[in-house]
Amino acid sequence: MTSTPPPQFDFEIPPVPHLPTPSGSRHRGSFGSSFSFGPQPLVDSYLEANSSTYSNNHSIALDPNRSILHASPLRSSPRRPRKPKDSINRPHPLANDTTGIFQHSDDDADDEEEYEWGMVDRMRLWRHDALMQHLYETAAFWGDKIVSWTNDPNDAFWLAQTYFMQHQYSRAERLLTRPFPTSAPNHPSTPPLNITNGDVSTTEAKGKGKERDTLPLSAPIPRLPLGPTGMTEATQDAQESVSRLVDMSVACRYLAAQCQVRQGNWSDATEMLGEANPFRDLEQNKPAIPDIDGGIKIEASMCHLRGLLMLKLNRGDQAKNCFMEALALDVKCYDAFEQLVSGEMMTPEEEWEFVQGLAYASQTPQDAAFIQLIYTTRLRKYKHTEEHALTRQRLVTEYGLGDNPDVLFSFADALYANFRWSDCFVITSRILGLVAIHNATTPLHIACMYHMKHLHSKLFILAHEMVDREPENPISWYAVGVWYLSNGKWAQARQYFSKTSLMDPRFGPAWIAFAHTFAMEGEHDHAVTAYSTCARMFTGSHLPLMFVGMEQITLSNYEQADEALNASYSMCDGDPLLMNERGVMAYNHGKYAEAANLFQRALDLAEVTQSSQQSWTTTYVNLGTCYRKLKQYEQAKEAYQKVLLLDPRHSLALGFLGLVYHLMNDLDNAIIRYHEALSVDPINGYILELLDMALESAANYGLHEYSLSFGPEQFQLQAARLKEKFVRFKPESKDLFEFYINAAIRGVPKGSLSSAPESMNL
């Protein structure tokens, strides 16, 4: 089994006009120069930093190609480790994080050896250790004191991170939009204790057994007063030497936008990030350029957050472009990939081409193959069956991920797409045995329990356990709704599906199930409305449009049904169920040959995907009916017999097979099949009528065959004798007897079928 090579497809980032800056002729770094929170001043500052106007630290903070690793409290640098020194005064890496991790040199190492820990260093260590142990109040308490002493933007950033983890979003946003000095701050190891008229007294400290003088400490820069709107109320000279953190660092701007999103301020967050990527037109920022420090580009994270904002503002197309841009900028940004795939924003073929065409080799040369494989497993399984199977095989054999939940989910998803409920349930049970909750797997697990009736009681128990364990998870209430749906309680099911949609508006299964309740209840108009809403939300999924077409067929609105089914087919041409529905429409238009071809294509697609044949008995029945309409009785008989091999008690197939025998003048087999059909469905009026016609035809055929066994003269002689006996016992039936005799002589049996009855149409 070989896989097809990936298509030569590169995602092109659309151009955007240059964003105007309101700064005018003021200095880019000035706080007063940026009257709005737009990102263009940040871009201009980055360009000036690259032209050596700013320091190296400033350039790092403004570089969108970097991650936030240069300010990480863990100092997780890939630099070459050094031999540790035997010194009790050597600083802890968590205590001095104010320098970029890629600026380490031998001189810095010497400075560290001569460095003595001060109070600020120890408190930084406390702050970061508290963060790692989820003691956020502790981290915020000590972090606030550090910022008050140092006025360091890096310390302020980590204090804002602490506030964010405490869900104090307004407090974090105010800190990030507060003025800070633009010049490189001093990093005192000990807070200034003796301050008189701005003069800081020097102290003596001893380290490593010798005396040294501590560098003179500068007094903290007084904080500028903030007005009610957050703008400064200070002189122009004072504003020129300060700037907001959001104008000094890309990471700070991203964190501030995250705070605004959590507060529901969509417009403010959009202004903070920009309507489009402000770094898009820069030569230094292209999808093929890898991240400088090996992390995840902050620019990609900003594009992902911008996409979430577009979803909140009901701009689906812009959200799709933002997520695609985020993934193109950095293939490691899985959140953007998850939004594209789970939100079904692209058609299956668009998904395949986009994911296979990403710049894996240039961005992550060592891990490119693995990232491409693991992303491929999450794509929809309607096409590229062999490629998906080969991908799973490689992940199991080459990377040892045979028991990984995500790889197992890919296998379960393929089984579910092929209607193999029991096999899929085995895999999903294994996944949920490994992890308590797997958001991608749980809906499949619940759906399999719905389709297998003997598991409905277990579905009831599972729904209760999920609600008790995770009441804030929308999937828990989705499980409750599915259980009510399995018991035919449509109103209660709709109530819980609606609650699920309110908790997570992008949870597709809840929207589809909500519409299913109307369809099952017979409210087809409401079902069409619900499916149409779902189609507008999930523009890359063909299922809502297909369900709209099915409801229109039920309502006999064939023109609308054709429109919906054709639109669905343009999005996905590999779904056998869609082929079946298109065949039904061709049959309704009287195009029996075309309908037969479509039904056969549906069966061929199901066979390629190794689908459960039990699920396609209806398609076999439809195929046989088309052959019967085309008077191809042998092919029709084979199709119906195939159904009976899969389901011997299929009443519709038994009745249609009897009708085919009836049309072929095989009355004995026709009568047998009619009786078998009535044994399954005793009150089927059409089969009862056909059985009466077959019995009368068999009686007349018996007299006709008797006439053929003799010559015409012998038959007339025998008929005369029978007539004499018949008239002797029933003189009033003389004319009826002559009618039967004449019918037998002509060879046209009473009750024979010249064509299929219209009541037995598909």
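Me: What makes a residue one that Leu176 touches?
Reply: Contact means heavy atoms within 4.5 Å. Leaving out residues up to four places away in sequence, Leu176 has such contacts with Ala160, Arg244, Leu245, Val246, Cys252, Leu255 and Ala256. This is a predicted model, where local features need pLDDT of at least 70, side-chain atom pairs count only at pLDDT 80 or more, and totals for chains, interfaces and linings use all residues. Numbering starts from 1 along each chain as its sequence is written, and side-chain values use heavy atoms, with hydrogens and water left out.

Me: Why is Tyr531 called buried?
Reply: Buried means under 20% relative accessible area, exposed over 50%, partly exposed in between (1.4 Å probe, protein chains only). Tyr531 has 2%, so the residue is buried. Phe547, at 14%, therefore counts as buried too.

Me: Why is the pair of Tyr531 and Phe547 called tilted?
Reply: Rings of Phe, Tyr and Trp (its six-membered ring) pair if their centres lie within 6.5 Å; planes under 30 degrees apart are stacked, over 60 edge-to-face, and the rest tilted. Here the centres are 5.3 Å apart and the planes make 35°, so the pair is tilted. By this rule the count is 21 aromatic pairs.

Me: Which residues do ring pairs link into a cluster?
Reply: The cluster holds Phe460, Trp477, Trp483, Tyr484 and Tyr496.
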